[in-house]
Amino acid sequence: MERPRITIFDTTLRDGEQSPGCSMNVQEKLRLAQQLDRLGVDVIEAGFPIASDGDFEAVQSISASLRRPIIAGLARACTGDVDRAWQALQGAARPRIHVFLATSDIHLKYKLRITREKCLEQARDAVRHAKSLCPDVEFSPEDATRTEVAFLCRVVEAAIAAGATTVNIPDTVGYSMPEEYGNLIGTLREKVTGIDKVTISTHCHNDLGLAVANSLAGVQAGARQVECAINGIGERAGNASLEEIVMAMRVRPDRYPYETAVAGEHLYPSSQMLAEITRVPVQPNKAIIGRNAFAHEAGIHQDGMLKNPLTYEIMTPQSVGVPDSRLVLGKHSGRHALALRCEQLGHQFERRELDEIYRRFVILADRIKKVQDSHLLELIQDVASGNVSSDVTGSKGKKFPPAAATLQFPRAVSAAAGPNASDSHPAQVSGSAGQASVSIPFTDHHSEQEDYLWGV
Ligand code: KIV
Ligand code: ZN
């Protein structure tokens, strides 16, 4: 059966850029937009044209330079904003005007100071005006998840009647829980006349760390567009992270049987480009694209990885564009990992020799945390020449730069490893390379139990 196609709406350049420290100039936005095009996102929200001349110019130049993706410009629900957005989108092959208006009582009372009736009228008029200019119009009732559901249904229905082709349901303050958000999408599908003719979209913020879970719950309830950002950047705690959404669907098609057009192998390069442009580093343990996402330090893990990467990796680094696993040589590393690294450096050892190298390695790793190739080579030379300088006190005159030693793992073909890890899902093999089986490159004549302990 064909899997439903999910539209990936990237808002890195609009909501993402609103996060502290993430502002970009026009050239930087254009460069990132070109990368988003390579990544295969369906919609690029290029900016909020009325907000500044820079935003206007960015939307204009991205519209002029990219032909494939839809280019969206954001506008508040008023004529001036809609006209300015439309002006910026003039060169776009596939323009979209994205109109938003808050609908929750707290926003109506304290921020907009308008009644519900006025809100309804303003939403209808703005969408109608946008539709008179552009066939592709998205409407977002801001703070939808804190809006009284009956009123939300009325506003969404009015926006659809006025011509909206996509209705986006923002969890603006990241307040919703996955089940609740899914139910809200379900209720709208049930109660709103005309909703079956439009695309329902999710837009979830991460204030409680649930943006991705909420977006996926929305998709399960019938949403077919997900708004998200590279590295999860966005207002406050950020937006749903694009790479997590895409890979959750790719690694778990049993739970999320949906397709996206995203080219997995461009995820990591896109993340790196964003971090480089904004100078906002990615947290090391960030899922999918953090520098530790495919790093293994504990001995048991390294041992398992050497025997079969699927023991500790549910997707291949290649499937998300990470060059290869980084196996950090530190004090928790085991002999198997050490032996393989030594072999990659051109040194093979008998078991007893390796024991001695391992003994000194652990002492060294305890002191310097991460052992580089250069340290390992010094240590090997010392052992070979009967020297004790690499032992406990052994750093005399030696420099220990901070970069980690890395090991290359043989790779499995499948990008995912569920209970049927050997079944390769077509959506998961994108960008993956390597071999299906793993050969341990040094001879081992010991029992499995001994080997298991030895690997620790
Ligand atoms: O979070 C939000 O509500 C938004 C809207 C403008 C879609 O970013
Ligand atoms: Zn937002």
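The structure is a predicted model, in which local features need pLDDT of at least 70 and side-chain atom pairs count only at pLDDT 80 or more, while totals for chains, interfaces and linings use all residues; side-chain values use heavy atoms, with hydrogens and water left out. Residues are numbered from 1 along each chain as its sequence is written, and chains are lettered from A and ligands numbered from 1 in the order in which they are written.

Asp15 is in the loop between strand S1 (7-10) and helix H1 (26-39), whereas His203 is in strand S7 (residues 199-204), so the pair ties together parts that are 188 residues apart in sequence. Both Asp15 and His203 are buried, where buried means under 20% relative accessible area, exposed over 50% and partly exposed in between (1.4 Å probe, protein chains only).

The secondary structure of the protein chain consists of 15 helices and eight strands. These elements are DSSP runs numbered from the N terminus, helices being H or I with at least four residues and strands E with at least two. Of the 456 residues in the protein chain, 53% are buried. Among contacts in the protein chain with a separation of 6 or more, 75% are between residues 24 or more positions apart; contact means heavy atoms within 4.5 Å.

Leu32 belongs to helix H1 and is buried, with a relative accessible area of 1%. Apart from neighbours within four places in sequence, Leu32 is in contact with Thr12, Leu13, Met24, Ser270, Met273, Leu274 and Ile277. Leu32 and Met273 are separated by 241 residues in sequence and by 7.2 Å in space, C-alpha to C-alpha.

Helix packing was examined with axes, which are lines fitted to C-alpha atoms, for helices over the stretch in contact, and with angles that run from 0 to 180 degrees between N-to-C directions. Helix H2 (residues 53-65) packs on helix H3 (residues 79-88) at an angle of about 40 degrees, and their axes are 8 Å apart. H2 and H3 are therefore oblique to each other; angles under 35 degrees count as roughly parallel, over 145 as roughly antiparallel, 65 to 115 as roughly perpendicular and the rest as oblique. Asp53, Phe56, Val59, Gln60 and Ser63 of H2 meet Arg84, Gln87 and Ala88 of H3 in this contact. The contact of H2 with H3 comprises three nonpolar, three polar and two charged residues. In this classification Ala, Val, Leu, Ile, Met, Phe, Trp, Tyr, Cys and Pro count as nonpolar, Asp, Glu, Lys and Arg as charged, and the others, Gly among them, as polar.

H3 also packs with helix H5 (residues 116-133), at an angle of about 25 degrees and with the axes 10 Å apart. H3 is therefore roughly parallel to H5. Thr79, Val82, Asp83 and Trp86 of H3 and Ala126, His129, Ala130 and Leu133 of H5 form the contact, which has five nonpolar, two polar and one charged residue.

The axes of helix H13 (residues 351-368) and helix H14 (residues 373-384) come within 10 Å and cross at roughly 140 degrees. H13 and H14 are therefore oblique to each other. The contact involves Glu356, Ile357, Arg360, Phe361, Leu364 and Ile368 of H13, together with His375, Leu376, Leu379, Ile380, Asp382 and Val383 of H14. By class, the residues of the contact of H13 with H14 are eight nonpolar, one polar and three charged.

Glu142 is part of strand S5 (residues 137-142) and is buried, with a relative accessible area of 16%. Residues up to four places away in sequence not being counted, Glu142 touches Phe100, Leu101, Ala102, Thr103, Ser104, His107, Lys111, Thr147, Pro170 and Thr172. Asp143 lies in the loop between S5 and helix H6 (149-161) and is buried, with a relative accessible area of 0%. Although not a glycine, Asp143 has a positive phi of about 60 degrees. Ile288, likewise not a glycine, has a positive phi of about 75 degrees. Ile288 is located in the loop between helix H10 (267-278) and helix H11 (299-307) and is buried, with a relative accessible area of 9%.
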